[in-house]
Amino acid sequence: MAITVTQQDPRYQTLKKSRNLRLPASEADFASRIELCETASDTAEALQRIVSAGLRPTVRCGGHCYEDFVVNNPGGAILDFSLLEESHSAEDGARYRINPGKQLGDIYLDLYKRYGVTIPAGTCYSVGAGGHISGGGYGVLSRLHGLTTDWVSAVDILTVDANGKVIQRRVDKQHDPDLFRACRGAGGGNFGVITAFLFDKLPQAPQEVVHTGVSFDWTTMTEDRFIAILTTYGNYWETRGKDPDTYGLFSIMDISHASTKRFGLSLQFCNPDGTCKDLSVVNEFLDLFSHCNPSPGAPAPAGDRAISRPALSDEPCTGTHPMYRRLWLDATIGGGGGEGSGRAKYKSTYMKHNFTTEEAKCIYKHMTSDLHGIEMRGFVLAVDSYGGVINQSHLAEETSICQRSSIMKLQFQSYWQNAEDDAGRLKWLKDFYSDLYSGPNVDPRYTHTPYPGEHYEGCYINYPDSDMLAYPFWPQLYYGDQGLYPFLQGVKRRYDPNNVFHHAMSIRW
Amino acid sequence: MKRDTPWSRRAFMQGIGYVSGIGLLNKIAPVNKMPEAAHSCMAPKTGFAYVGSTDEVGTSGIHVFEIRGDHWKWKQSIPSRSPVSLLLHPNQQSLYVVNEVDEHEGLPRGTVEAYRINAHDGTLALINRQPLSLSGINPRHATVSPDGNYLVVAIHGGGAYNVLPIGPDGALQRVSQIMKEVGAGTHPVYQASAHPHTVVFDAKGQYLLATDAGCDRINLFTFQNGRMMRTRQTLSQPVSGPGHLAMHPSGKLFYVSNTLDGSIDCYRCSDEREIRHEQRIATHAKTSADEAQHIVLSSSGRNLYVASDEGISVWEIDPITGKLSAIQQWSMKNRSLRTLILSPDQEHLLAADSSRHELLSIPIHAENGKLGAPSIVANTIPSTSLAVKYI
């Protein structure tokens, strides 16, 4: 039996919350109970109980959802997987099994210590596997090894049939292949409750990596230099970054507001063989910025996701650019991350080409403008490198991640503490995003959005943004306009005909 | 996806007109006329009528008429998205509107609206609009508890019921309970999931009866302290699609018109809240999966009226068994009566003809429940819902 925490339980006030304190919008929107599931059978029993009682289930693994998809469940029940135990079965065979309630940091430790392998997943230690993998799951090894969901071989999932009965399924390419594909990238909370991901094989974890970065001074920055920095960065990923020897290079350029004084980029690198014997790729990359007046070392990360910073024990590398060699496992789990809570809002864009001058000017304008009464620190535009092994076109058909042509992925982030700042913060980010996608690259029919086309590939469902609901074409922003969304609607009708699993941006049937 | 369309007062006024007299209908409707004396000595009824309508291009609103006997005078029109069901608060001071929409503020959910009724001229003023629960799309029907404290909405598209408390000023408060339904029937298109169609309180407000067209089911819910609890479920004939439901004044019988086969079912509800099927009537009416034949019970419990494209059939109810016997087929060619209610004084049926865009008043013979000659009381754009109060 799951552990049921109701409103009378002293644990309720703690467990009802999201990490993002902005959510839900109203106290009355919180779920009425939390079901802490320790096993898959607990989960099936709790889910059946919830459905039979006419309640709505939502599912929480790590609690990192960027919108209110889990915690906005008035009168409903949250299935919480944070206590879910590993339960290898004979049926698993030699497969690796990941339970969705497990945190990414624990998965890295477990897979490495047991098998020497890893998943190419995200940088925040405490992000839960369930939402991360079902929405794609990418991180600093993704240019080298692809998305985590690309490696999934089978999924254990509980669905609710037309008559309200909970059905346990193991889906893969031979069994319910349509549902299997939908579970690989369409995002959580759509079709059922995933209780395990299974992998026939996983990539070997690198032995070591180097970390480094450069930063730039906002106080002496000019628009021309900012444009040069941004287009230099983007040009690399559009050209040289497509060569396989660079796939082990992953970079995040964190463009914080000018009031933070500095912005810059951090990177992690390893050679395709998982060593750092040849650092010429990194040196070549950093040399590109020498004309932009850089300072060595990445600035302090502004958000809760970043490549971890060097530790005293790290080994400095010799060469032109200061960088540190680290054991991969230390580098991967050392930074932790994601434990904090506060108020936050996010947006995203897949980019197929380098920044245009107009785009760079727009970013400069917003990152150097002040807003009366609003503290500008905490606004960050993270420009992640992308592509590499991710961009295998056949994977767009095998998975539900259709974005397989992008070279960068943008994450617009805003972090703050006080509820009275909500309106100003949300408006600033929304205006910035709308302005950026009002230029000549944007089809007038889809203005204010990075609609999939020549320049953009839409948005990332694991960085959901409810502002996009204002556009009738929001599903195409996340799932493209080449047939994936109708496919997912068909899966939805077939496996969840009563729409038991739903949230603001779930697949509408 | 249904979206707001700009409501045009001019467009409405072009379509609306006032018509009195029954000349045209006398020719096409061979009905038993009421004895003139039965009504001529009585003062004309006065009150207000509220008509929800949606025209061919999706413009929708609520239209207020002042009633003076068979003369309805237009008073007001206000925009309202797809007002599929109108219902009065028991105190007659508020009107509630169910909006059959699938999106509100970008989210998949319908809405309900509360309007204050001006006691002097009957006009409406919006009190508030409340969104239904997430996924609560395309609601079709609602009921107000007899104590006036709660509105319960049957959400056809989203497969759920919502309970909304009603404030002292008639305002609708946010949804306080969501009852998610699951289920399916055997029709591959119309019964892939649950589709709650109609929900009705018993006279004491202690339980709710509800039909589910998606899974051929009659649901009985206990209602206590503003919360509904599943108590009993009864399956109807497969592929029948239970739709409109009318509760007998005795509280022991109820009647259901079915969407998919056009039949009428009679059920008995015991003191133990057990539901037993008593009778099935095949009406041969044209059926629509979107809408069942409207049914109305006389307050005496003697007669059931069933509206269809062919007209209105009048049925006598056996006081012991509850079974139906046909006593009149009131035919109307080229008409489509989609909305049918009983006038507050129980002396007329009021109907909306969605083909000719007319509102009809049809007298009921006090002795046998048969229908007399109708009057066209108003012309309007296509009407989907109707509520009337007398003063």
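Colleague: Which residue follows H2(A), and is its phi positive or negative?
Modeller: In this predicted model, helix H2 of chain A runs over residues 40-52. After H2(A) comes a residue with a positive phi, near 75°. That residue is A:Gly54.

Colleague: What distance does H2(A) reach from its first C-alpha to its last?
Modeller: H2(A) has 13 residues. At 1.5 Å a residue, 18 Å is expected, and the helix comes close to this. From the first C-alpha to the last, H2(A) reaches 18 Å.

Colleague: What arc around the axis do the buried residues of H2(A) cover?
Modeller: The buried residues of H2(A) are A:Ala40, A:Asp42, A:Thr43, A:Ala46, A:Leu47, A:Ile50 and A:Val51. They lie on the same side of H2(A), because the arc that they cover around the axis is only 155°.

Colleague: Which strands are included in what covers the buried residues of H2(A)?
Modeller: Several strands of chain A take part, among them E2 (33-36), E3 (57-60) and E4 (77-80). Further along chain A, the cover also includes strands E6 (154-160), E7 (166-171) and E8 (193-199).

Colleague: How far apart are the end C-alpha atoms of H10(A)?
Modeller: Helix H10 of chain A covers residues 357-368, which is 12 residues. At 1.5 Å a residue these should span 16 Å, and the model agrees. The end C-alpha atoms of H10(A) are 16 Å apart.

Colleague: Which helices and strands are included in what covers the buried residues of H10(A)?
Modeller: In H10(A) the buried residues are A:Glu359, A:Ala360, A:Ile363, A:Tyr364, A:His366 and A:Met367. Their cover, drawn from chain A, includes helix H7 (223-238), strand E10 (249-256), strand E16 (379-385) and helix H12 (422-436).

Colleague: What radius of gyration does chain A have?
Modeller: Chain A contains 14 helices and 17 strands, and its C-alpha trace spans about 65 × 50 × 45 Å along the principal axes. A compact globule of 509 residues would have a radius of gyration near 23 Å, so the value for chain A agrees with that expectation. The radius of gyration of chain A is 22 Å.

Colleague: How far apart do the C-alpha centres of domain 1 and domain 3 of chain A lie?
Modeller: Chain A is divided into domain 1 (3-80), domain 2 (90-204 + 489-495) and domain 3 (208-471). Contact between domain 1 and domain 3 of chain A involves 7 residues of domain 1 and 11 residues of domain 3. On the domain 1 side, these residues divide into 2 nonpolar, 2 polar and 3 charged. The C-alpha centres of the two domains lie 33 Å apart.

Colleague: Is the peptide bond from A:Leu23 to A:Pro24 cis or trans?
Modeller: A:Pro24 is found in the loop between helix H1 (12-15) and E2 of chain A. The omega of the bond from A:Leu23 to A:Pro24 is near -5°, and the bond is cis.

Colleague: Is A:Asn293 buried or partly exposed?
Modeller: A:Asn293 is found in the loop between helix H8 (280-287) and strand E12 (295-296) of chain A. Its phi is near 60°, a positive value in a residue other than glycine. With 15 other C-beta atoms within 10 Å, A:Asn293 is partly exposed.

Colleague: What is the phi of B:His357?
Modeller: B:His357 lies in the loop between strand E25 (348-353) and strand E26 (358-363) of chain B. B:His357 is partly exposed, because 18 other C-beta atoms lie within 10 Å. Although B:His357 is not a glycine, its phi is positive, at about 60°.

Colleague: Which strand of chain B gives the most to the side that touches chain A?
Modeller: Chain B has 3 helices and 28 strands. In the model, 21 residues of chain B are in contact with 23 residues of chain A. The chain B side divides into 11 nonpolar, 6 polar and 4 charged residues. The most, 4 residues, comes from residues 177-180, which form strand E11 of chain B.

Terms used:
Residues numbered from 1 in each chain as written. Chains lettered and ligands numbered in written order. Predicted model: local features only at pLDDT ≥ 70, side-chain atom pairs only at ≥ 80, totals over all residues. Helix = DSSP H or I, 4+ residues; strand = E, 2+ residues; numbered from the N terminus. Rg over C-alpha atoms; globule rule 2.2 N^0.38 Å. Expected span 1.5 Å × (residues − 1). Buried ≥ 20, exposed ≤ 12 C-beta atoms within 10 Å, placed from the backbone. Arc of directions from axis to C-beta. Contact = placed C-beta atoms within 7 Å. Nonpolar A, V, L, I, M, F, W, Y, C, P; charged D, E, K, R; others polar. Domains from an automatic or database assignment.
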